[in-house]
Amino acid sequence: MDELTEQPLAVLLADHDEGSRFICREAMARAGIEVATASSSRAALAAARSLTPRVIIWAVGLPGFTETTAVRHFRDDPAFRRTTLIALTAGTNGRDERDLRDAGFDRVLLRPVAPDVVLDCVRDALRAKFSA
């Protein structure tokens, strides 16, 4: 068990793709990271409010409201001040990534993304939060 898993860690994985959600959740669970999942924006927002995760992974195109609206919810709420927001997108141009960062996401991952890349990104975010 590494230093990040000695205390409960909460990650919310909001993704409409069931297979991607399962694979990423399993990779994080094997690493000892507590993961909640949601397949819609409304379910993700409800889960985030009850869990107050340290990392939220948000798939662009999640059914419900837009990722820009989601970021605004989180950035306007002091409970999520230290939460890292990671966008998952199939967008392939630099503008998509810039737009997501400008909207308030801390990181942007391009699909298809390997579960170990997601896991490394989550670990980096958690380490950064603990050292801040």
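Here are a few worked exercises on this predicted model.

**Exercise 1: strand β3**

Work out which neighbours β3 pairs with, and where its side chains go.

Solution. Start with the strand itself: β3 covers residues 55-59, and five of its five residues are buried. Next, sort the side chains by direction. Val55, Ile57 and Ala59 point one way, while Ile56 and Trp58 point the other way. That's the pattern to look for, because side chains in a regular strand alternate between the two faces of the sheet. Here both sets are buried.

Now go to the pairing. Strand β1 (residues 10-14) runs parallel to β3, and four bridges join them. On that side, Ala14 stands opposite Trp58. Strand β4 (residues 84-89) also runs parallel to β3, this time with five bridges. There, Val55 has Thr84 as its bridge partner.

**Exercise 2: from β3 over α3 to β4**

Solution. Then pick out the buried positions of the helix, which are Glu67, Ala70, Val71 and Phe74. Last, ask what lies over them: the cover includes α2, β3, β4 and α4 (94-103).

**Exercise 3: Ser41**

Is Ser41 buried or exposed, and which residues does it touch beyond four places away in sequence?

Solution. First place Ser41: it's in helix α2, which spans residues 41-51. Its relative accessibility is 0%, so Ser41 counts as buried, the cut-off being under 20%. Then list the contacts. Leaving out residues up to four places away, Ser41 touches Trp58, Leu62, Pro63, Gly64 and Phe65. One of these, Trp58, is a β3 residue and is itself buried.

**Exercise 4: the cysteines**

Solution. Begin with the count: the structure holds zero disulfides. Now check the distance. The cysteine sulfur closest to that of Cys24 belongs to Cys121 and is 11 Å away, too far for a bond. A disulfide would need the two sulfurs within 2.5 Å. Finally, look at the surroundings of each residue. Cys24 has 4% relative accessibility, so it counts as buried. Cys121 comes in at 3%, so it counts as buried too.

Definitions and conventions. Residues numbered from 1 in each chain as written. Predicted model: local features only at pLDDT ≥ 70, side-chain atom pairs only at ≥ 80, totals over all residues. Heavy atoms only, no water. Helix = DSSP H or I, 4+ residues; strand = E, 2+ residues; numbered from the N terminus. Buried < 20%, exposed > 50% of the residue type's maximum accessible area, 1.4 Å probe, protein only. Contact = heavy atoms within 4.5 Å. Pairing = 2+ DSSP bridges.
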